[in-house]
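Open the model in your viewer and follow the stops below in order. Each stop says what to select and what is there.

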Amino acid sequence: MGMELRIAMKVLSAMMLVLPLSLGACAPPGKPAAMQDPRTPGGASPTREDMLAVSPALAGYSTGREDLWKRPGLSPRDWSIVTVAALVARGHTVDMSSHLERALDLGVKPAEVSEIIMHLAFYSGWASAMSAVPVARDVFERRAIRPDQLPPAVGDLLPLDVAAEAQRAARVEQSFGAVAPGVVQITTDLLFHELWLRPALAPRDRSLVTVSALVATGHAAQLSYHLNRAMGFGLTRTEVSEALTQLAFYAGWPSVFTSLPAVREVFEKRAEPHPG
Amino acid sequence: MGMELRIAMKVLSAMMLVLPLSLGACAPPGKPAAMQDPRTPGGASPTREDMLAVSPALAGYSTGREDLWKRPGLSPRDWSIVTVAALVARGHTVDMSSHLERALDLGVKPAEVSEIIMHLAFYSGWASAMSAVPVARDVFERRAIRPDQLPPAVGDLLPLDVAAEAQRAARVEQSFGAVAPGVVQITTDLLFHELWLRPALAPRDRSLVTVSALVATGHAAQLSYHLNRAMGFGLTRTEVSEALTQLAFYAGWPSVFTSLPAVREVFEKRAEPHPG
Amino acid sequence: MGMELRIAMKVLSAMMLVLPLSLGACAPPGKPAAMQDPRTPGGASPTREDMLAVSPALAGYSTGREDLWKRPGLSPRDWSIVTVAALVARGHTVDMSSHLERALDLGVKPAEVSEIIMHLAFYSGWASAMSAVPVARDVFERRAIRPDQLPPAVGDLLPLDVAAEAQRAARVEQSFGAVAPGVVQITTDLLFHELWLRPALAPRDRSLVTVSALVATGHAAQLSYHLNRAMGFGLTRTEVSEALTQLAFYAGWPSVFTSLPAVREVFEKRAEPHPG
């Protein structure tokens, strides 16, 4: 595959010389490059002209990256969820608008986009979600997505897995109950009795968002619990592995390599036969 | 408390439908939502309308979060110091303006706000402070805060705790003197013989800012020294514990959970009776 | 040096009162302070007036920091490479424009600036590079730097060190081949068979960029491999040590102290006599 990928990239790079538009990071049409501000609420990406003016190779790789989205093992919808989660978690509004558009094109529902941003308010800090709000608002407006298509603030919740939650709560209480009782309490009340039970984003997708955010923000120490949880909700080893491939580009190689030992440990422990 | 908090949030969410303004993240009045740019120098937050257009739940939690500020154990002034420190350290200008205003309302002096930003230039990178400068300048201008109310560049310093500083310097010299003598030298000269002795921010508050920044930026390895220092300056276990509760929202749950083992270790060691 | 530095800073602080321009962070001339937006594509820094309005000390240290650039042990060109790498890796556009200008003034070629940004697309996440693109484009335009002065997307590569690369690939395959085969594959194909062999940035400089980015983004776990690689390419202990001094300011003290144990370990292992 290595050789194929390089050849594909060279062909695509050559094609770029005649192609009039960027495939990887499209700017809204009709806006001249000089007016692009990647930090405007619209979160528009630099144009292909911007990239060519700074690094033709960057433009080349941007096109070549499209191959990534065609790798088997992770659905295009999941690629989008991973990418959007990484961008929101890292506060990278510069590339956010086109990826929100793409997510909606690839089958992520508006209600799910809404819920991903809200989920990350808790898992990557309130301000990360706040940074994404104006970008998402613009995308929703362009598509005439109305508030009644979005999950309500308060509503029915999914049933709680009482046994698993009791186990989690007991372990956290034992570890940190005496150190930070407030944290332990709101973790139970707001996250595990509420956020994770909101029905607008399937638990498996919520876990994929969480794992992606943890990798993207370098929180390897929290990966073990959340990766096990994700796989309990049905995320496969192949999907995890391919999500890491995508995250190498969107969160940087070091974030992924820092996460790999924890991922390996989870895979190995889950593969062991149960004793007895 | 869990049930109470959820009920409070539901009531508040219902109230939000009729309340004309956001309680949690106020945008400057008189500016239509469409002109809000969270990344302008003013650092204005998304409006309640922005949040509702993307996630009604986000708007709901934003209001519910107000309960946090009423928890006992940490003074409202300290909540503000923790929050401002987290936002500046993470470069999150999006939520910064309203929190600087609130800090000033809750008793943090302009000179202290000034000094918090300067302190974080050293503890979270020069550019983090630079990102906060235009936001703080706008807030100061709106309140007619003049430069003569701010700490001078050079002035009298607090007395140095010679014994404690000798111990710190010796340990750092022994650990890293041969590896990075320049770092060791400027750490002594600029930080511990100067920055920490500037009188405009009490050592206890400076420590609270430092600890909050370390949690918010995931530097768990540096927590042990600074948490002990903070508690030596009078920060209580309860205050640390409640600061972590606040940081869960402003820095994200993973940042807090990554910090908790180091916090627990410090608490446990300080609780041990002295030998002999 | 400590005393000298403090005296120098006091003299410089006094000079600042009469100097009409900032030495540390120049804003483009002709733009009134009130119109400065540190997050515009130009990436202009806050002016000296902005800093004085928030923290006279911040302005004072900004001037005093100039002394850093005169420390022996690291060339001014290398200071610039370290600083630009830290800013791009952390997405800090606020201070980026003046540092890109300074890098070009101090002998970093346009082709090298281009390649540093492209390199960091891989080592600190695609969006970090995208954030730098509009800033660099403006700088390049002001200096009439044309695309034909920039490295092409595809071209001749440096020869591969086959033995060293085989060793690296085998170790990564053994560690993570079963966990994330896609990551392992693209690491070989895109990074070590391509990115690192692009001739527009010398391997030693590419390593300096990588190490600076790892320190700046807190990826201490990846430092050991890349620091050894950097020193294999000729980076000296003194240069590493001085780079860390610079990074204390641009990435914050905690990032440097979190990195120091890994740096010490590399230094110690490399100093050991070879067995036998």
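Copies are superposed here by least squares on the C-alpha atoms of residues with pLDDT of at least 70 in both. This is a predicted model, in which local features need pLDDT of at least 70 and side-chain atom pairs count only at pLDDT 80 or more, while totals for chains, interfaces and linings use all residues. Residues are numbered from 1 along each chain as its sequence is written, chains are lettered from A and ligands numbered from 1 in the order in which they are written, and side-chain values use heavy atoms, with hydrogens and water left out.

**Chains A and B.** Chain A superposes on chain B by a rotation of 120° and 0.0 Å of shift along its axis, at RMSD 0.0 Å. Here too the copies use different surfaces, and 2% of the contact residues of chain A recur in chain B.

Colour by secondary structure. Chain A has 13 helices and 0 strands (DSSP runs numbered from the N terminus: H or I of at least four residues for helices, E of at least two for strands). Of its 276 residues, 63% count as buried, meaning under 20% relative accessible area with a 1.4 Å probe, protein chains only. Among contacts in chain A between residues at least 6 apart in sequence, 75% join residues at least 24 apart.

**The core.** Select A:L58, A:F122, B:L58, B:F122, C:L58 and C:F122. These have the most contacts inside the largest nonpolar core, which has 255 residues. Such a core is a set of buried Ala, Val, Leu, Ile, Met, Phe, Trp, Tyr and Cys residues joined through side-chain atoms within 4.5 Å.

**A:F122.** What is A:F122 in contact with, leaving aside its neighbours within four places in sequence? The list includes A:L190, A:L191 and A:L195, and also B:Y61, B:F249 and B:W253.

**Helices α4 and α6 of chain B.** Select residues 76–90 and 110–123 of chain B; these helices pack at an angle of about 40°, with axes 10 Å apart. The axes are lines fitted to C-alpha atoms over the stretch in contact, and angles run from 0 to 180 degrees between N-to-C directions. The contact is made by B:R77, B:I81, B:V84, B:A85, B:V88 and B:A89 of α4(B) with B:E112, B:I116 and B:L120 of α6(B).

Definitions and conventions
Buried < 20%, exposed > 50% of the residue type's maximum accessible area, 1.4 Å probe, protein only. Contact = heavy atoms within 4.5 Å.
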